[in-house]
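Reader: Before we discuss the details, please show the model and its sequence.

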Amino acid sequence: MLTHEENQLLCRVEGDAPMGQLMRRHWMPVCLIEEVAEPDGTPVKAQLFGENLVVFRDSDGRIGVLDEYCPHRLASLVFGRNEEGGLRCLYHGWKMDVDGNVLDMASEPAASGLASKTKHKAYPSKEWGGMVWTYLGPVEQMPEFTPPQWAPNAETRVTIAKVVLPCNWAQILEGAIDSAHSSSLHSSDMVPARVDGAKATGSIWLRPSTDKAPRLQVERTSYGFRYAALRRPIKDAATHDYVRSTVFVAPSTVLIPPNNVYNVANVNVPMDDTNTAFYFIAWGNPATTPETETWRKYLHQRVGIDLDSYFRPLRNFENRFWQDRNAMKAGNFTGISGFPNQDVAMWVTMGPIADRTNECLGASDLAIVEFRKRMLDALKEFQGNGQAIGTGDSTVGKSVCSFQAVVPNTIDWRSYTASYVWNQDNDGSELEPSYNVTSR
């Protein structure tokens, strides 16, 4: 467990909070490209580390990430006119471009010269992997943007489901790195079978083990850590291990063990202390990785059906996450459709910020403990020398990836030669929702 003070250090990201300041030294996703696809389209409200932002695409297709509030009288630019190369505030007609230059001050005499003396706060942006990225840290410390592991090149298909959740980023990330929970929480969607590795087939993922109590081993790295959950396989249990190796890339990315068809990752972006943009990602060969609509339908994360227009879940505590108790009596473990929704129910019910002083941790929580230690140690290093984990010499290598495999138990998973999935045999089009709730 953590002390109250340690929990605050881990979770708080707003203002001068040390964790937020560390994260600001990284390029972070601010929204999906699809949200700002149209030149002169509707501006999008976004939030990072408690900073209120507006994102828009100008007449020439350039992306702007600006402070939400007009520099004149602080009215929101989210409602502004996106026209002729800039965003115009409705209140008095001030207009800013993607770099924060004030192009026009309709309410001021042209001779005043005030426009040339005024600069609005603008942040650098980059489009990559289906996301708009931005950097909110000191400009002099801004690293070069590098593609993440889950979008290594332009040829990779990246398919993203976005969900905005009313809880702290750390409890979401801890769920992503927790391999032990999948054997219980997702047991109706990740089913044991006599296979040689994880298989995505139809509406379920097959797994070659019935072992619900994995042995965990951790290896700390400069960029975060990686760990293995070792389970007894169904076949050759005396001589082999079923290894699921997860990678934590600080500050907020998890590379999840893949199936046989595509790779999986998530990014957990702190909007503020108690709200997080959760991006669940399938990626890999365009021939095998599901397209966006297929992926979101499979996960039960479709806008207008599962989410509102702001990507907030329609399932919540008050409507019991649309849990079907009759389905539970019939054998479904959770009665909640879509395995990310099963996770969401757990994360949200912990409260806006989980009180880690009251936990009772066990052997299966080794990766959770390491995450907390790693990030608190990273904070100390950052406060001591200004170097943020995952930047400079500690940047994650391009070859780092998660993996799953049944291997002889004489092989050390740390030295296992792994590569990301690039399968040619399945087009990913057969994914179907794992379980459909019929009642609300």
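**Burial, salt bridges and pockets**

Reader: Does C70 count as buried or exposed?

Author: C70 has a relative accessibility of 1%. This is a predicted model, in which local features need pLDDT of at least 70 and side-chain atom pairs count only at pLDDT 80 or more, while totals for chains, interfaces and linings use all residues. Residues are numbered from 1 along each chain as its sequence is written, and side-chain values use heavy atoms, with hydrogens and water left out. Buried means under 20% relative accessible area, exposed over 50% and partly exposed in between (1.4 Å probe, protein chains only), so C70 counts as buried.

Reader: How many disulfides does the structure hold?

Author: A disulfide is a pair of cysteine sulfur atoms within 2.5 Å. The count for this structure is 0. For C70, which is in no disulfide, the nearest cysteine sulfur is that of C89, at 3.9 Å. The number of disulfides is therefore 0.

Reader: How many residues apart in sequence are the parts that E68 and K45 tie together?

Author: The side chains of E68 and K45 meet in a salt bridge at 2.5 Å, N to O, where a salt bridge is a side-chain nitrogen of Lys or Arg within 4 Å of a carboxyl oxygen of Asp or Glu. E68 lies in the loop between β4 (63-67) and β5 (81-83), and K45 in strand β2, so the pair joins parts whose separation is 23 residues.

Reader: Does E68 count as buried or exposed?

Author: E68 has a relative accessibility of 5%. K45, at 47%, counts as partly exposed. E68, by contrast, counts as buried.

Reader: Which element gives the largest share of the lining of the largest pocket?

Author: A pocket, on a 1 Å grid over the protein atoms alone, is an open set of points where a 1.4 Å probe fits, with protein on both sides within 12 Å along at least five of seven lines; lining residues have an atom within 4 Å of a point. The largest pocket is lined by 39 residues, and K45 is among those nearest its centre. Strands are DSSP runs (E, at least two residues), numbered from the N terminus. The largest share, 5 residues, comes from β2.

Reader: How many charged residues are in the lining of the largest pocket?

Author: Ala, Val, Leu, Ile, Met, Phe, Trp, Tyr, Cys and Pro count as nonpolar, Asp, Glu, Lys and Arg as charged, and the others, Gly among them, as polar. The lining of the largest pocket has 24 nonpolar and 6 polar residues. Its charged residues number 9.

Technical notes:
Helices (H or I, at least four residues) and strands (E, at least two) are DSSP runs, numbered from the N terminus.
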